[in-house]
Amino acid sequence: MGRSSHITLRREIDREALRERMAEDVREGLGSNPKTLKPKYFYDARGSRLFEEITRLPEYYQTRTERKLLRRVAEDLVRDVGPEALVEYGSGDAGKTVVLLDAMRDAGLLRGYAPIDVSPEPVRKVADEFADRYPEMRVEGVIADFETPVDLPFGELPRLVCFLGSTIGNMNVEQGREFLTGVAEQLTPADGFLVGFDLVKERTRLEAAYNDSQGVTAEFNRNVLRVLNRELDAEFDVDAFTHLAFWNQSEGRIEMHLVTSEPLCVSIDALDMTICMEEGESIRTELSYKYTRERVERLLEGTGLALERWATDADDLFALGLLRREG
Ligand SMILES: C[S@@+](CC[C@H](N)C(=O)[O-])C[C@H]1O[C@@H](n2cnc3c(N)ncnc32)[C@H](O)[C@@H]1O
């Protein structure tokens with residue numbers, strides 16, 4: 001049987017629908033005070049590649065710590081949950097996912113994998129690579145925006161659903177609860193849901209992770225303006241914006257902004273809109289909430305999910321939480 005017979009790709013949102021959603025979000029976000037943009041718009045093909053580069057930076061402790069944790073817990077997790085399919089939200093390059101897939105294969109369980117991402121390029125790439133690497137499984141790639149509920153594949157099998165990289169941190173409590181409630185509604189009692197949480201820690205370490213010395217995060221941040229220029233015929237002078245990332249202690253989150261170095265007005269032709277900014281004014285492009293175990297337990301309240309297991313590294317940098325449907 002050829003490899004392609006193992007792969008299906010489902011496109012829940014096409015480029016035109018995404019552009020329409022982007023138009024609405026950008027009109028609202030840049031029309032508000034303070035100005036904001038949603039982080040999902042970083043991730044065109046270039047943004048996804050830049051994020052992969054970020055994950056390899058020395059300052060970005062998150063990826064290597066989560067990978068180590070996965071290596072530590074994978075075997076036990078697979079034994080306890082017994083998953084035959086892995087379903088992954090915000091899969092990106094799925095660099096760490098192989099740790100889970102290897103453990104499922106070694107236990108003789110692996111039958112399916114579903115990467116879900118709004119960015120089509122990594123979904124296609126991962127689907128191809130993993131179909132080669134694990135010929136015994138079916139791959140169902142889903143190109144979708146998980147801001148609205150996504151039909152999760154492999155409902156007929158016990159699944160490990162995962163959401164790694166602390167992408168959940170990009171949601172505030174209200175958005176996080178809505179997302180988690182939507183996931184809970186689709187889980188069966190046999191499924192486990194593994195979520196990666198970046199933990200609260202000292203300011204210097206947090207701020208360094210978002211202000212790397214090579215400027216990759218700054219380029220990733222500015223990429224959202226390139227996306228708006230291309231998709232919405234905007235005329236941002238990308239170089240007129242400076243990257244700013246800092247720890248907001250009272251809110252418990254890293255904030256990323258793009259700050260203007262001069263007063264400017266920018267037209268966004270597809271929206272028939274012009275925005276003007278003063279010197280030093282910023283657009284907030286990402287929030288990244290950091291957690292404690294208590295904060296995670298509070299986040300889960302009313303979502304229909306309960307924390308069954310919690311694993312952290314020796315330095316308390318990052319945590320993996322195994323969630324199960326309640327009742
Ligand atoms: C922080 S990266 C994490 C990537 C990978 N899971 C990791 O741990 O390195 C977030 C990923 O989620 C995807 N993403 C962000 N917002 C999304 C949305 N609303 N719907 C679907 N995918 C989204 C991005 O395209 C990106 O691949």
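**Ligand site**

I started at F146, where a backbone N or O atom lies 2.9 Å from a nitrogen atom of the ligand. I keep in mind that this is a predicted model. Next I looked at D145: an N or O atom in its side chain is 2.8 Å from a nitrogen atom of the ligand. I then turned to the ligand's oxygen atoms and found one that is 3.4 Å from a polar backbone atom of G165. How much of the ligand does the protein bury? I noted 600 Å² exposed for the ligand taken alone, and the protein buries 94% of that.

I also listed the surroundings. The ligand has 16 residues around it, and the closest are G90, K96, D117, D145 and F146.

I moved on to D212, which I found in the loop between α7 (203-209) and α8 (216-231). Is D212 buried or exposed, and which side chain of opposite charge is nearest? D212 is buried and has no salt bridge; the nearest side chain of opposite charge belongs to R222, 9.5 Å away. A salt bridge would need a side-chain nitrogen of Lys or Arg within 4 Å of a carboxyl oxygen.

I then checked what the D212 side chain does reach. One of its polar atoms lies 3.1 Å from the backbone nitrogen of Q214. The backbone nitrogen of V216 is reached by the D212 side chain at 2.9 Å. Leaving aside neighbours within four places in sequence, I noted L57, E59 and T217 in contact with D212.

I placed P34 in the loop between α1 (15-30) and β2 (35-36).

D233 is not a glycine, yet I read a positive phi of about 50° there. I found D233 in the loop between α8 and β8 (241-248). Its relative accessibility is 43%, so D233 counts as partly exposed.

D316 gave me another positive phi, about 55°, and D316 is not a glycine either. I located D316 in the loop between β13 (305-312) and β14 (318-325). D316 counts as partly exposed because its relative accessibility is 43%.

Note on methods: Residues numbered from 1 in each chain as written. Predicted model: local features only at pLDDT ≥ 70, side-chain atom pairs only at ≥ 80, totals over all residues. Heavy atoms only, no water. Helix = DSSP H or I, 4+ residues; strand = E, 2+ residues; numbered from the N terminus. Buried < 20%, exposed > 50% of the residue type's maximum accessible area, 1.4 Å probe, protein only. Lys, Arg positive; Asp, Glu negative; His and termini not counted. Polar contact = N/O pair within 3.5 Å; in protein donor to acceptor, adjacent residues only side chain to side chain. Contact = heavy atoms within 4.5 Å. Near = heavy atom within 4 Å. Areas by Shrake-Rupley, 256 points an atom, 1.4 Å probe, with all protein chains shown as cover.
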